[in-house]
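Open the model in your viewer and keep the selection tool at hand. The stops below are meant to be taken in order.

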Amino acid sequence: MKQIFQILIGGVVGFFGMYFALSIDFTSDFSSFGLELTLLIAGIAALLLVFSMATILRVKKKTKLQLKGEEEDELDSKQYKSYSDITLGSVVAMVLSVVAIGIAVITEQPVWAVIAAGATLIGAIVVSIVASGLIQLIYPERDLPEPGEKDYAKKLLAVSDEGERHVMLEGLYRTHNTMNLALFIALLLLIIYSVSTGVSQLFAIFVVALILIIANVQYTFSIRNKI
């Protein structure tokens, strides 16, 4: 009964989603506000970088605290959450920076706009490099592998306890499912865009489809002989 209900809900959402997508005017000229869009996205990336850098300074400051018992456990939890926020902020900033550069170049914006977007990308890369070394600072007593080491994932799982492995693997599995759904929706949107505007998006469709296939092949071959 629950599955039937979910299928019905999915069908209704899919119908209205497709109706909405087909009603969008994809022929709008985005280049007319390309500069504003570039600056907006680059600005959001810059704000994320400021947040990440401020959080890095706070994490470093707290590593000097000498606490015991529950206070130490509470600090460890907060430090790990801050580390996760920094990692997420820098990754999102990096993606937004690349998008901003792409918009600026494609819509032929002034050079200074491209440079501004490029500066946020460089900042995001620097923050990512700095953030990768924070985990050793937060847990100096643990023999954690260095980011970029060969077989980093295997080494990280090896030094993690059962609870940590469960959390990491659950997160990766959810990410895998979300990515599958997102890429499939992207395929549909690209097809709708091509049909609505007459502008072929076949290259992007092939790229998204290839990524979708490679990701699923890699996932399947990673688990099929180990369970």
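This is a predicted model: local features need pLDDT of at least 70, side-chain atom pairs count only at pLDDT 80 or more; totals for chains, interfaces and linings use all residues.

Residues are numbered from 1 along each chain as its sequence is written, and side-chain values use heavy atoms, without hydrogens and water.

Rings of Phe, Tyr and Trp (its six-membered ring) pair if their centres lie within 6.5 Å; planes under 30 degrees apart are stacked, over 60 edge-to-face, the rest tilted. The count is two aromatic pairs.

Select Tyr80 and Tyr83: this pair is tilted, with 6.3 Å centre to centre and 40 degrees between the planes. Both lie in helix H3 (residues 69–106), three residues apart. Helices are DSSP runs of H or I, at least four residues, numbered from the N terminus. Buried or partly exposed, what is Tyr83? Tyr83 is buried, because its relative accessibility is 16%; the cut-offs are under 20% for buried, over 50% for exposed and in between for partly exposed (1.4 Å probe, protein chains only). Tyr80, at 40%, is partly exposed.

Next select Tyr173 and Tyr219, whose ring centres are 6.4 Å apart with planes at 40 degrees, so this pair is tilted. Tyr173 is in helix H7 and Tyr219 in helix H8 (residues 202–223), 46 residues apart. Tyr173 is partly exposed at 44%, and Tyr219 is partly exposed at 28%.

Last, go to Leu188 in helix H7 (residues 162–197). At 35% relative accessibility, Leu188 is partly exposed.

Conventions:
Helices (H or I, at least four residues) and strands (E, at least two) are DSSP runs, numbered from the N terminus.
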